[in-house]
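Open the model in your viewer and keep the selection tool at hand.

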Amino acid sequence: MLKEQKYLKKAGTILFIVIMNMFAPLSLDMYLPAVPTMADYFHTTKVLVNFSLVGFFFFFAIGIILSGPLSDKHGRKTSLTVGGILYVGASLACAESVSIYMLIISRILQALGAGAMVAISTALVKDCFDGSIRQKVLAIVQGMSVLAPMLAPLAGALILKYFSWRATFRVLVGIGVLCLILTAALQETLPPEERTDGDLGQSLKRLAAVGKNRSFRYLLLVAALAAAPYLAYISVCSYIYIDYFGVSQQVYSYYFAFNSGFAVLGPCLYIFGTKRVRDRTLLTFLILLAEFAGVSMFFAGRISPLVFMLTFLPFTLAEAAIRPLSTNILLDQQKGDTGSASSLINFTQTVFGSIGMFLGGLPWPNFNRGLSIIILSFASASMIGWILLQRSKWCPEELRR
């Protein structure tokens with residue numbers, strides 16, 4: 001560890017980072033089982049209810065992009081405390097909402113707090129760990145993060161079985177309070193002499209400074225492209241399994257859970273691969289694996305629900321391994337402005353994920369064919385970008401070896 005934690009120790013610090021990285025899927029997916037009943041409860045339209053989801057995702061990205069530079073200026077602990085208080089207060093307001101408009105506004109504030117936690121958690125990885133330990137931490141964080149989308153809806157459904165939808169947000173209040181307690185135990189990882197100066201505008205300009213680093217920028221674009229097809233899958237897989245293949249909601253949940261559980265193998269592949277082959281070889285293999293998934297789905301993805309799942313699993317594995325591999329290399333491209341770098345990493349992945357969700361929902365002849373085209377398109381764009389990056393002078397040193 002670069003910055004020893006007297007109270008949290010190494011295990012506690014890793015646990016803290018893992019919990020913060022789960023804020024987005026917990027806040028989004030735990031609420032999903034309650035969504036169908038919200039329109040009737042508030043006597044409103046489904047369109048307005050969906051704003052509580054869309055608004056969260058949009059302002060989550062805003063929270064990410066703002067929080068990293070501010071943590072470079074004010075320190076990680078102060079920024080985490082503000083973000084945590086905002087999240088807890090907003091979650092409590094969600095639980096006590098008396099109208100759909102109050103819920104939407106509360107969800108927006110909740111998203112800003114969640115964005116702060118996610119952005120700063122990535123900065124803490126670099127502040128506290130390096131070398132092979134950082135690789136393992138990133139793998140652990142990614143592995144646990146992919147489990148959250150699988151467990152959150154199940155937890156939400158279980159809560160709704162015994163309590164009202166308000167209880168879902170009260171659980172999130174408890175998780176937020178836990179993070180505030182862990183924040184109190186955290187020793188500041190960014191000393192005053194390493195912080196940025198200036199007002200808010202100057203702090204946000206550090207994002208542009210990081211973005212001017214071409215080694216950072218080009219690798220980030222190559223890696224973030226993988227986020228689009230995965231979020232496209234999340235947005236349309238229920239239609240594919242239930243409407244196209246005609247399986248029950250229960251059977252659909254099994255397919256969805258298996259794919260999410262399979263994603264845990266991605267970080268394992270990352271750790272296994274980096275010990276045996278060069279990073280550039282591993283990244284090439286992962287992008288090719290993603291393209292293979294797209295081709296397989298294009299030709300065989302409409303045969304049966306099982307075959308459809310099997311054709312998507314290679315992409316799940318590739319995407320889950322690319323994220324920790326690229327994040328580790330990207331963090332090394334910046335000697336300072338770690339918070340800004342963390343913000344840009346998470347923000348870019350969120351933006352491409354949003355693009356994927358939009359493309360997935362377009363009026364394709366069928367969603368199976370549309371998803372396969374999205375996978376092929378983004379994987380091919382990633383491969384072209386990766387080939388061009390390797391031939392340029394801006395290829396990171398870690399990927400030249």
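Select Arg 170. Its relative accessibility is 41%, so Arg 170 counts as partly exposed. This is a predicted model. Arg 170 sits in helix α8 (residues 165-185), while Glu 96 is in the loop between α5 (76-95) and α6 (100-128), so the pair ties together parts 74 residues apart in sequence. Glu 96 is partly exposed as well, at 39% relative accessibility.

Next, select Arg 76 and Asp 72. Their side chains meet in a salt bridge, 2.9 Å from N to O. Are these residues buried or exposed? Arg 76 is buried at 0% relative accessibility, and Asp 72 is buried at 3%.

Move to helix α15 and pick Glu 319 and Arg 323. Here a salt bridge spans 3.3 Å, N to O. The two are four residues apart in the helix, which means a separation of about one helical turn. Glu 319 is buried at 7% relative accessibility; Arg 323 is partly exposed at 26%. The structure holds six salt bridges.

Last stop: show α15 (residues 305-332) with α17 (residues 367-390). Their axes are 12 Å apart, at an angle of about 20°. The helices are therefore roughly parallel. The crossing is left-handed. Select Phe 308, Phe 312 and Phe 315 on α15, then Asn 368, Leu 371 and Ile 375 on α17, to see the contact. Five of its residues are nonpolar, one is polar and none is charged.

Conventions:
Residues numbered from 1 in each chain as written. Predicted model: local features only at pLDDT ≥ 70, side-chain atom pairs only at ≥ 80, totals over all residues. Heavy atoms only, no water. Axes fitted to C-alpha atoms, helices over the stretch in contact; angles between N-to-C directions. Parallel < 35°, antiparallel > 145°, perpendicular 65-115°, else oblique. Left-handed = near helix turned anticlockwise from the far one by under 90°. Contact = heavy atoms within 4.5 Å. Nonpolar A, V, L, I, M, F, W, Y, C, P; charged D, E, K, R; others polar. Salt bridge = Lys/Arg side-chain N within 4 Å of Asp/Glu carboxyl O. Buried < 20%, exposed > 50% of the residue type's maximum accessible area, 1.4 Å probe, protein only.
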